[in-house]
Amino acid sequence: MIDDKDIDRQISSLLLKKYNKNFVVHSIQSGRVAIEKLTLAVNLNSKLLPDHIFLDIDMPDMDGWQFLSEYKRLGFDKSKKTEIFILSGIFNSEDVRRSHSESMVKAVICKPLTLEDIRKVLSPE
């Protein structure tokens, strides 16, 4: 969970744990810190990459689009194992259009994240 707003991270983390009590949720406050933590994880063991990333778009320092660019540049996920879900407080067509051009983005979700949103994106149909 990458989001600059503490309350959004807390609520989203609780909902993810409610959806699946076995989920290990890492709550990270910025795209830059997330890149640093992913770099450390990959250097230890590439199998430590997360299965899912819920990524806020509108963040200071490094926004979600900059995070995605850096994530791709560093080549973390060569096996395409990680599913990335964009979280946007302002659901706009530009975010949706741009997300379609990013193969690693699985969905755009309007914040706040809900249990129903989690079910839709994580449950096979």
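Does Lys78 count as buried or exposed, and at what relative accessibility? At 69% relative accessibility, Lys78 counts as exposed (exposed is over 50% relative accessible area, buried under 20% and partly exposed in between, with a 1.4 Å probe and protein chains only). This is a predicted model, so to speak a computed one: local features need pLDDT of at least 70, side-chain atom pairs count only at pLDDT 80 or more, and totals for chains, interfaces and linings use all residues. Residues are numbered from 1 along each chain as its sequence is written, and side-chain values use heavy atoms, with hydrogens and water left out.Lys78 lies in the loop between α3 (64-74) and β2; helices (H or I, at least four residues) and strands (E, at least two) are DSSP runs, numbered from the N terminus.

Next come the rings. There are four aromatic pairs in the structure (rings of Phe, Tyr and Trp, the last by its six-membered ring, pair if their centres lie within 6.5 Å; planes under 30 degrees apart count as stacked, over 60 as edge-to-face and the rest as tilted). Tyr19 and Phe23 form a tilted pair, because their ring centres are 5.9 Å apart and their planes are at 45°. Tyr19 is partly exposed, at 26% relative accessible area, while Phe23 counts as buried at 19%. Phe54 and Phe85 are stacked, since their centres are 5.0 Å apart and their planes at 25°. This pair ties together distant parts of the chain, with Phe54 in strand β1 (residues 52-56) and Phe85 in strand β2 (residues 83-88), 31 residues apart. Both Phe54 and Phe85 are buried. Elsewhere, Phe67, Tyr71 and Phe76 are joined into a cluster by ring pairs.

Helix α5 (residues 115-122) has Leu115, Asp117, Ile118 and Leu122 buried. These residues span an arc of only 155° around the axis, so they fall on the same side of α5 (the arc is taken from the directions from the helix axis to the C-beta atoms). The buried residues of α5 pack against α1 (6-19), β1, β2 and β3 (105-110), contact meaning heavy atoms within 4.5 Å.

α1 and α5 pack at an angle of about 55°, with their axes 9 Å apart (axes are lines fitted to C-alpha atoms, for helices over the stretch in contact, and angles run from 0 to 180 degrees between N-to-C directions). That makes α1 oblique to α5; angles under 35 degrees count as roughly parallel, over 145 as roughly antiparallel, 65 to 115 as roughly perpendicular and the rest as oblique. On the α1 side, the contact is made by Leu15, Leu16, Lys18 and Tyr19, and on the α5 side by Leu115, Ile118, Arg119 and Leu122.
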